[in-house]
Amino acid sequence: MDYTQLTDRQREEMLATIGVASVDDLFTAIPEAQRLTGLLDLPKARSELELQRDIAKLAGRNVGTDQLACFMGAGAYDHFIPTLIDHFTSRGEFLTAYTPYQAEASQGALQAFFEFQTQIARLTGMDISNASLYDGATAVVEAIHLALTHTRKRRVLVAETLLPEYRRVVRTCLSDLPVEYVAIPACAETGMTDVEALLSLIDDDTACVVVGSPNMFGLIEDWSACFAVAHEAAKTQAIAVFNPIACALLKASGACGADIAVGEGQPLGIPLQFGGPYLGLFAATKNLIRKMPGRLIGQTVDADGRRSFCLTLQTREQHIKGERATSNVCTNQGLMALRATMYMSTLGAGGLREVAEQCYHKAHYLAERITALPGYSLKYPAGAFFHEFAVTCPKSAAEVIAAGRVRGLLPGVPLCDPQLDGAGGPNDLLIAVTEKRTKAEMDDLVDVLAAIG
Amino acid sequence: MTSSMSLPRLDEPMMPTTKPTVKTYAIPTRGDRPTVPSIFEKSQPGLRGVDLPALDVPTHEIPEAILGETPDLPELGQLQVARHYSHLCERNFSVDANFYPLGSCTMKYNPRINEFAAAQSGLINLHPMQDEADVQGLLQILFETRRFFEVISGLPEVSLQPAAGAHGEFAALKVIRAYFTDHGQPGRHIVIATDNAHGTNPASCMMCGAAVVKVKTAGGYTDLDDLRRLIDEHGSENIAALMITNPNTAGLFDTCISEVAQLVHDAGAMMYLDGANMNAILGKVRPADFGTDIMHYNTHKTFSTPHGCGGPGSGPIAACSKLAPYLPVPQVVKQERDGHTVYSLDWDRPKSIGKVRSFFGQVGVLVRCWTYIAACGPDGLRNVAETAVLSANYLAARLRNEFEMPFFHPEDGHFAAHEFVTVPKSLLARGVTLLDIAKRLIDYDIHPPTMHWPVHDCLMVEPTETESKETLDRFADAMLAIAEQIKRDAESMAQAPEHAVVRRLDEVAAARKPVLAYERSG
């Protein structure tokens, strides 16, 4: 099924109107030698019924977090998603709409994105937010680009405790630019950014300081201290990389002195789906408004004075400015931003706070139980953590994970994984706990650990 | 838009008030279009739209030093949330309800089987770092999707990682830079783009630190003499790539594409294809066969993944064998192990540029692509291109007497590809603006075409293959009726749209004093 809907007779009528004998006459611009004579080497068309069966079969070959209790995190978290979100983001009016360039035909999406911008600005304690970027990692890259253009400096200081996934993307994206990437070391004892070291690294050529909190070990960084150091240099931009759920409970980026706050919006009602599509969040102080990347929705009025919304400050964007645009981003993550705004609206301030509190209490319950087991200890016991923590096990993380898997658990992510840049030893396991985990599941994990300890 | 838009909504007073005053509540007359109060204005502190299970573990003290305020976010009951988004839905055009003849964006129908596939619990509930043994079904889909894109392009290797078309451009330019650096030619820093290129092309170059120079087009086609001149002027040893869209943004298949490719290759550079217009050539010609070295797809254009009000898309890139080792990690691969077929992620690619986004890519979008390509099959994909081109030429033929078309000359064999450009000079000469025409289409429930691009004062029309002849005719009739109205009463056009949920917006004021968030109340 190719979803076309013209009858043979209609095709003939259309060809007659054009004045050609056959469809092939419309393709004569393609040099004959290049034209495909046969069919592409693809599997033959499948009916919808066959597809339903094939998809169900392939999906059935995976074992996911609907069957296993997930303690994996490292940038993607297994949160509860209210049913309402799937319903409304499946509605054709949102699902199949175009980017809202034509404001009069897109008021629904524009208002929803405007509300999203407001929610993200308030959640992060920043002045303004854009309407989304691809994901957390690319949002960090865009934040660094903004800092580079805003300050006209060339040193980029990035905390070694930032998620390795993000650092990897940043390094790739900056690699051909006249930019110096400098790693801010972590204190080996605490697993947190070494503020003294940061102080020694910062100089007049520093465009930005990037610190994520919670960091890659789940620890809560001292943003205020790091950003105070950043602001000792003229114009240097403090970039906070946040977790939106943690924002509902912990000190917000804005309150800690961030100039730009970016994060991964996946925890806000977006399924894990093996890594994407996710949602890049980007908020900033209002003096950066004309340098922001991505789409911005503004409030205005129509000819009758009614409140209405439109894309605004488009002269920043690639379709107007080309190589002088603030970013190349065009299509962003509209539907994912809709999921996030619906998530925040459904839970509300109180609900979001409760999600964050439950994450915190459950993670601390599990950490206490695990560290009470002989042979298990927190890798970084001194720091406060949110909903993720690193445990040093008496056996290898791989063994722990295999044992947990047999019991229907995904115990965590091994810190020695190359995806985490080998940030820990073979026995170090990174465990994340969301509000979805039950006491019974956590006790199961403790049993597994006790048995192999 | 339905007439119910203008009816009053009993649950939503038009003028929120905090004072307990008796207010008159007039029933809006037909034609009034109440705005939807914001979710913030509907907030009643203390309400929840959904609950959580009670906490089943002891609480743990939260240190004062890290504790923050509860964010100032709206609180509503679930029905209020549902009504809010229902009402917002009603204020949006969509492919499901409206025709979108939108040049360069291929707004085709989004089959629901794609959504069925992407929503399978065995596909959406997978953590990106789960063991490959638990995700074999998904990896098989991703591997097959990769293969599909390789076959369609005729290029040997595809990376599925880029998140959108522009992101694919960026990744591909990084790949080209990495190749040249690896081959001792780091000086190749100039990218040539056509003067009618998508804005993302030069913007992506900028993000890679490449310099952009523009090659002229004449009559929509690449000017070969200008290309020769540019290569000479800048020195062939400094050119990294040519970025070209083919069929191009004028709606033409570039008849001299082979000569263009030859000039680029003679300069030792790479030919980059912006695949935005792949819908016109699916199964008719493979980009590799006209000299493409690397390209991106826009899956939300060509492969029917929904636009979702502006994303998520995805922008897989296909590369020739020279460039393939530099594609992003990880790559999804298929192996035979102990007599079994195993799919896995290969991180061991030493020449790779690295990663351009987190984890694997826009997996949920890619699942929809797999489903679409599997449904179409090779004959279906070819029919997609043929029908898209037929529909575009049909519309162009119906409209050309009233709407001038600088690039559409069927008598000389210059047909449209899947889209065409009109510069309606004689209508504009009557004192209307292009915006007037666009906004009047909204009154006909039709989404306006792309405007002022690739040339000033143009409309770019792309009907796609999925529209019925009745819809195509209705659009042509609407355009002709608009032409009539302009001739009869040009002034009245400034009132358009008259039947949308709002009248024309003051977009200038929005940019002059930007308001990007609701004011806090109280």
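Which domains is chain A divided into? Chain A splits into domain 1, built from 69–79 + 349–452, and domain 2, covering 83–342. Keep in mind throughout that this is a predicted model.

**View 1. The two domains of chain A and where they meet.** The C-alpha centres of domain 1 and domain 2 of chain A sit 27 Å apart. Where the two touch, domain 1 of chain A puts in 28 residues and domain 2 of chain A puts in 23 residues. On the domain 1 side, two elements of chain A give two or more residues each: helix H12 (334–371) and strand E12 (388–392). H12(A) is the top contributor to that side, with seven residues. Sorted by class, the domain 1 side of this contact has 17 nonpolar, five polar and six charged residues.

**View 2. A seven-stranded sheet in chain A.** Follow the strands across this open sheet and you get the order E2-E8-E7-E6-E5-E3-E4 (chain A), with mixed pairing. At the edges are strand E2 (128–129) and strand E4 (180–184) of chain A, each of which pairs on one side only.

**View 3. Zooming in on E6 and E7 of chain A, with a helix lying across.** Strand E6 (residues 237–242) and strand E7 (residues 260–264) of chain A run parallel and are joined by four bridges. To pick out one bridge, look for Ile239(A), whose partner in E7(A) is Ile260(A). Helix H6 (residues 136–151) of chain A lies across both of these strands, and also across strand E3 (155–159), strand E5 (206–213) and strand E8 (280–284) of chain A. Relative to E7(A), helix H6 of chain A runs at about 165°.

**View 4. Chain B against chain A.** How many residues does each chain bring to the contact? Chain B brings 176 residues and chain A brings 173 residues. On the chain B side, helix H10 (residues 363–399) of chain B supplies the largest share, 24 residues. For the complex, the predictor gives an ipTM of 0.97 and a pTM of 0.96.

View 5. Chain B has a mean pLDDT of 93, with 93% of its residues at 70 or more. Residues 1–8 of chain B are another story, with pLDDT below 50. This stretch still has 15 contacts in the model beyond near neighbours in sequence.

Note on methods
Residues are numbered from 1 along each chain as its sequence is written. Chains are lettered from A and ligands numbered from 1 in the order in which they are written. This is a predicted model: local features need pLDDT of at least 70, side-chain atom pairs count only at pLDDT 80 or more; totals for chains, interfaces and linings use all residues. Two residues are in contact if their C-beta atoms, placed from the backbone, lie within 7 Å. Domain bounds come from an automatic or database domain assignment. Ala, Val, Leu, Ile, Met, Phe, Trp, Tyr, Cys and Pro count as nonpolar, Asp, Glu, Lys and Arg as charged, and the others, Gly among them, as polar. Two strands pair if DSSP finds at least two bridges between them. Axes are lines fitted to C-alpha atoms, for helices over the stretch in contact, and angles run from 0 to 180 degrees between N-to-C directions. pLDDT is the predictor's confidence in each residue, from 0 to 100.
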